[in-house]
Amino acid sequence: MLRKALLAAVAALLPGTAGAIELKVGSANMAPYLDPGRDHSNVGSQFYYNSFDVLIERDYASSEPKFKPGLALSWQLVEPTVMEFKLREGVTFHNGEAMTADDVVFSFNRMFQSSFPPYQVRAKDRLGNFDKAEKVDDFTLRVHVKRPEPLWETLINMQQLMVIPEDYTKGLTGDPKLAEHSDYEAFSLAPVGTGPYRIAEFIPGERLVWQRHDAFWGEPAPLDKVTVLKVPEMASRITALKNSEVDVITNVPPDQLSTIEADQNLKVEGMVTPLFHVLIFNTQNEKMKDPKFRRALSLAVDRDTLNEALWLGKAVVPSSHTYPQFGPLYMPELKTFEYDPEEAKKLLAESGYKGEEIRFDTSAVYYTNGLLAAQAIQEMWAGIGVKLAINVDDKWTGNDPTMNVRNWSNPLYFADPFGSFGVMWAPGGPSEGEGRFKPDADYAAAWEKFRFSDSLEDRRAAYADLMERIRKDPPFLVLYQPYESWGLRKSVNWAPKPGHIPYVLDFRAGSIDFAAN
């Protein structure tokens, strides 16, 4: 009773209709579609956790993986390559359908045995070891892998294995008994899950509205309604926050924090994001094929100066592709990325570079400080004698053979080197698939040893080997872990959680509440 009374009192202080607890978010970006199976973007990843569930949940308040029951109440390995799951009964999808093992098998096999091209990409870079899911009874299923899997819970917890309804999806277009490509396209515009909020409205690239799902199996959602609006300009987002048009804004750069903090009605929340901003090199392009040239470019970037200038020193500049969240595989002692302009000049002279103009592709607003970083790097590369032309275009060019260099981000999808480095640069992953990276047989062998060894020391040694290969023949350069910030009205108590993949807007129970004054 006390909780209900407090929520009713707070409702009067918030935007929206009388008695309803509503929240408005001004977001720098809005996804063009919503389907947790096909998506891995920073933009899309913000929007899934409120509406979809996985079999194995985790405590997102901790960066350490602490797993707990989700849609599955229990799980056990019944054979070296078979995991059995007992499902929670009484789970209802947003459209009113009851969830059973059929829905989970459908959700999993659409990824494991995919024919829809976007699913094939995600299956290849994350789920290549998974063979099939099969139903045992209405609330029991088994998942088969091709070889013993050292990361069972970690992988089952991934966004790509969130559960969707089989009958609803198949019935969206064409034959209701078949899952057709057009069904998945339709689902991405009218998604349905089991989470605490249903997607009541979705206008791609513009607007998303969540409403409380009253039949949710877990603790009820604390908000009646959440509206997320795309507001791409930083100044417009801050103005909307100041004018109480929104209650939360995303992607606030460090140089704007003081503007928000100076307003007595506002505050900021932030964290070092579990994500790297990176430069990617098209190693298969004629201009970029010489490893000495790419090493020279890497060594000429003063990442500490970028941190001070763009992030006020709040970002983290790593010496290698490693995160503390890797636990025993965290290896900051590796020196994969360094700043040495004199060595850069030497390598440049030894390379085949003859003064050609190098094209650097970037979006104007997709990455916080992305364009400013490109402009600073242009000056750094000019300092060693490299001509750089910045091409500003929101179009993705990672698969464009004419691309030379571009900025990208490499999130920590789960707390293992496979969940960050491996998702992007494993053999057969997106970087090879898009034609800008071609690992050789020795690289592939080192990856296999890392990925599937049951020995921690073997995994550490193999990952160190991979990082040395990256140092000598770099397909990318890690710039930093950015410090991302959100602006909020002081009445809103919310902060990003370290256990989530980056940028998740988590408005579930226990993640948001409101000050009474």
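**Exercise 1. Find the residue of E16 that is the bridge partner of Leu275, then describe how enclosed strand E16 is.**

Step 1. Leu275 has Pro411 as its bridge partner in E16. Strands here are DSSP runs of E with at least two residues, helices are runs of H or I with at least four, and both are numbered from the N terminus.

Step 2. Look at the whole pairing: strand E13 (residues 275-281) runs antiparallel to E16, joined by 7 bridges. Two strands count as paired if DSSP finds at least two bridges between them.

Step 3. Now turn to strand E14 (residues 357-362), which is parallel to E16 and linked to it by 2 bridges. Asp361 stands opposite Arg406 of E16.

Step 4. Check burial, where buried means under 20% relative accessible area, exposed over 50%, and partly exposed in between (1.4 Å probe, protein chains only). In E16 (residues 405-411), 7 of the 7 residues are buried, so the strand is largely enclosed by the rest of the structure.

Step 5. Sort the residues by face. In a regular strand, side chains alternate between the two faces of the sheet. For E16, Val405, Asn407, Ser409 and Pro411 are buried on one side, and Arg406, Trp408 and Asn410 are buried on the other.

A word on the model: it is predicted, so local features need pLDDT of at least 70 and side-chain atom pairs count only at pLDDT 80 or more, while totals for chains, interfaces and linings use all residues. Residues are numbered from 1 along each chain as its sequence is written, and side-chain values use heavy atoms, leaving out hydrogens and water.

**Exercise 2. Work out the strand order of the open sheet of 4 strands, and say which strands stand at its edges.**

Step 1. The order is E4-E5-E7-E6, with antiparallel pairing.

Step 2. Strand E4 (72-79) and strand E6 (130-137) are the edges; each has a single partner strand, so one side of each lacks a neighbour in the sheet.

Step 3. On average, neighbouring strands are turned by 20° against each other, direction ignored.

Step 4. Strand E5 (residues 82-87) and strand E7 (residues 140-145) are antiparallel and joined by 5 bridges. Within that pairing, Val82 has His144 of E7 as its bridge partner.

Step 5. Axes are lines fitted to C-alpha atoms, for helices over the stretch in contact, with angles from 0 to 180 degrees between N-to-C directions.

**Exercise 3. Describe how helix H10 packs against helix H12.**

Step 1. H10 (residues 291-299) and H12 (residues 341-350) pack at about 160°, with their axes 8 Å apart.

Step 2. The two helices are therefore roughly antiparallel. The classes are under 35 degrees for roughly parallel, over 145 for roughly antiparallel, 65 to 115 for roughly perpendicular, and oblique for the rest.

Step 3. List the contacts, meaning heavy atoms within 4.5 Å. Lys292, Phe293, Arg295, Ala296 and Leu299 of H10 meet Pro341, Glu343, Ala344, Leu347, Leu348 and Glu350 of H12.

**Exercise 4. Is Ser485 buried or exposed, and which residues does Ser485 touch?**

Step 1. Locate Ser485 in strand E18 (residues 483-489).

Step 2. Ser485 counts as buried, at 1% relative accessibility.

Step 3. Leaving aside residues up to four places away in sequence, Ser485 touches Thr250, Asn251, Val252, Leu257, Glu269 and Gly270.
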